[in-house]
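Student: I've got a fold to go through and would like to talk about its packing and charges. Can we take it piece by piece?

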Amino acid sequence: MFSYVRSYKIKNSRSDFLHKLSTQLVNKYNAIAIEDLNMKGMSQTLKFGKSVSDNGWGMFIAMLKYKAELRGKQLVKIDRFYPSSKTCSICGAVKKDLKLSERVYTCECGNSIDRDLNASINIKNQGELLLQY
């Protein structure tokens, strides 16, 4: 019984958090760009295991989508094969051999930036490009 109640509370806590975050984002921005991630593939290949499949990403995307539609906002999905982490956000050069363990993206142009921040800038820029068409 205890296990069931605990998992029920965790499920509700996650759902509540995702609802609040998705509402906040949709209220704040007219357009939101996200990566179309293959969470099932990531959980199998990147040794993240259950932590990836357990994070509620699909639920979060569904919430963003319907809330954006209700408010007349746009949700743009960036193709999962777009090299957001491997592309320099300054000059556009693509680094083919970027390892997951490399947490700082360093480019020949002199750009040195946190890998995730670099990817987020690229996702934003790609989203803006897609919105123009």
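Student: Which residues make up the largest nonpolar core?
Tutor: This is a predicted model, where local features need pLDDT of at least 70, side-chain atom pairs count only at pLDDT 80 or more, and totals for chains, interfaces and linings use all residues. Residues are numbered from 1 along each chain as its sequence is written, and side-chain values use heavy atoms, with hydrogens and water left out. A nonpolar core here is a set of buried (under 20% relative accessible area, 1.4 Å probe, protein chains only) Ala, Val, Leu, Ile, Met, Phe, Trp, Tyr and Cys residues joined through side-chain atoms within 4.5 Å. By that rule, the largest one has 9 members: L18, V26, I32, I34, F60, I61, M63, L64 and A68.

Student: And which element gives the largest share of this core?
Tutor: Helices (H or I, at least four residues) and strands (E, at least two) are DSSP runs, numbered from the N terminus. At least two core residues come from each of α1, β1 (31-35) and α4 (57-70). The largest share, 5 residues, belongs to α4.

Student: Leaving aside neighbours within four places in sequence, what is I61 in contact with?
Tutor: I61 is one of the residues in that core. Counting contact as heavy atoms within 4.5 Å, and with those sequence neighbours set aside, the partners of I61 are I34, L75 and K77.

Student: How many salt bridges does the structure hold?
Tutor: The criterion is a side-chain nitrogen of Lys or Arg within 4 Å of a carboxyl oxygen of Asp or Glu. E102 and K95 pass at 3.9 Å, N to O, and E128 with K124 passes at 3.1 Å. The total is 5.

Student: How far apart in sequence are the parts that D116 and R103 tie together?
Tutor: The closest N and O atoms of this salt bridge are 3.0 Å apart. D116 lies in helix α5 (residues 115-132), while R103 is in the loop between β2 (74-78) and β3 (104-106), so the pair links parts separated in sequence by 13 residues.

Note on methods: Buried means under 20% relative accessible area, exposed over 50%, partly exposed in between (1.4 Å probe, protein chains only).
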